[in-house]
Amino acid sequence: MNIVVCIKQVPDTKGGVKFNPDGTLDRASMLAIMNPDDKAGLEAALRIKDETGAKVTVLTMGLPKADAILREAMAMGADDAVLVTDRVLGGADTWATSTTIAGALRNLDYDLIITGRQAIDGDTAQVGPQIAVHLGLPVISYAEDIKVEGDSVVVKRQYEDRYHVVKAKMPCLITALSELNEPRYMTPGGIFDAFDKEVTVWGRADLKDVDDSDLGLKGSPTKIAKASDKVPKGAGEKVNLDPTESVNYLMEKFKEKHII
């Protein structure tokens, strides 16, 4: 059984975000982590590997420094890693990203593809289902639990105030929630092994059945009108009153705001 997990290097938003003049994220200047939903998807794949002996390949599209999360994934237990990187792919929206990743996946053997539900730098939840559409695969989104039964997967799918249990034959694509599981830590031995392994690097020329018009910033139908960092909060109104006056002052403010 072959499982491909699509992971993404996203900005560590605790350190703030920066933007390029065209409104896209300046990823090169920011600290980065593995996207939480993707990490849960990776853990799900590794648990299936533990049970069935499946082969797990991780794939990402990004800057050359995204090599770091691929090695993190291999240190956790993934077998192989693929980095798709090329200047012409920069600035991609969800459509161009999913087109690129689907073009790379056509080079791989897979029974199951797992992606995160969404990335914390975009929150669109579009790329996983779009990849499935490009590849003509059934998709099960918002996975809370994944089990393999023969040539099928059984997925507990989050749905508002309840859940669905969905069964699908492989090959198929699943998008994982961060609540799916608690990802394992890298092991010291795994870290050493990860840095002994080679990461496969592909560029535009390695993508199958994709048009240049659907790639990168030029191939992205989404156009950014405006982008900005967090707007800092003002100092607010400061008053110096005795306890009784403070209570009266707060009560009046609560009434003004219709809180009480």
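A word on the source: what you see is a predicted model. The chain has 260 residues, and buried ones make up 41% of them. Its secondary structure comes to 6 helices and 11 strands. The C-alpha trace spans about 70 × 40 × 40 Å along its principal axes. Now take the contacts with a sequence separation of 6 or more. Of those, 71% come from residues 24 or more positions apart.

Let's start with helix H1. H1 runs over residues 36-52, which is 17 residues. From first C-alpha to last, H1 reaches 24 Å, close to the 24 Å expected at 1.5 Å a residue. Just after H1 comes Gly-53, with a positive phi of about 80 degrees.

Which residues of H1 are buried? The set is Asp-37, Asp-38, Ala-40, Gly-41, Leu-42, Glu-43, Ala-44, Ala-45, Leu-46 and Ile-48. Note that Asp-37, Asp-38 and Glu-43 are in that set.

Pick out Leu-42, which sits in H1. Leu-42 counts as buried because its relative accessibility is 0%, under the 20% cut-off. Beyond four places in sequence, Leu-42 touches Val-5, Met-34, Val-56, Val-58, Ala-73, Met-76 and Ala-78. Gly-116 is 74 residues away along the chain, yet the two C-alphas are 8.7 Å apart.

In soluble globular proteins, nonpolar side chains tend to be buried together. Here the largest nonpolar core has 38 residues. Which of its members touch the most others? They are Ile-3, Val-5, Leu-42, Val-58 and Leu-112. Apart from that core lies another, of 23 residues, including Cys-6, Val-84, Ile-101 and Leu-108.

Back to Leu-112 for a moment. Leaving out residues up to four places away, Leu-112 touches Met-1, Asn-2, Ile-3, Val-4, Ile-48, Val-153, Met-170, Cys-172 and Ile-174. One of these, Ile-48, is among the buried residues of H1.

Cysteines next. How many disulfides does a search of the whole structure find? The count is 0. For Cys-6, the nearest cysteine sulfur is that of Cys-172, 13 Å away. For Cys-172, the nearest is likewise that of Cys-6. A disulfide needs the sulfurs within 2.5 Å, so neither cysteine is in one. Cys-6 is buried, at a relative accessible area of 7%. Cys-172 is buried too, at 1% relative accessibility.

Now a polar residue, Asn-181. Where does Asn-181 lie? Its place is the loop between strand E10 (172-176) and helix H5 (188-196). Buried or exposed? Asn-181 counts as buried, because 12% relative accessibility falls under the 20% cut-off. Setting aside neighbours within four places, Asn-181 is in contact with Ala-40, Glu-43, Ala-44 and Arg-47. A polar atom of the Asn-181 side chain lies 3.0 Å from the backbone oxygen of Ala-40.

Last stop, a hairpin. Strand E8 covers residues 152-159, and strand E9 covers residues 162-169. E8 and E9 pair in the antiparallel sense, over 8 bridges. Take Arg-157: its bridge partner in E9 is His-164. The hairpin has 2 residues between the strands. Within that hairpin, Glu-160 takes a positive phi near 45 degrees.

Notes: Residues are numbered from 1 along each chain as its sequence is written. Side-chain values use heavy atoms; hydrogens and water are left out. Helices (H or I, at least four residues) and strands (E, at least two) are DSSP runs, numbered from the N terminus. Buried means under 20% relative accessible area, exposed over 50%, partly exposed in between (1.4 Å probe, protein chains only). A polar contact is a pair of N or O atoms within 3.5 Å; within protein, one must be able to donate a hydrogen and the other to accept it, and residues adjacent in sequence count only if both atoms are side-chain atoms. Contact means heavy atoms within 4.5 Å. A nonpolar core is a set of buried Ala, Val, Leu, Ile, Met, Phe, Trp, Tyr and Cys residues joined through side-chain atoms within 4.5 Å. Two strands pair if DSSP finds at least two bridges between them. The expected span of a helix is 1.5 Å times one less than its number of residues.
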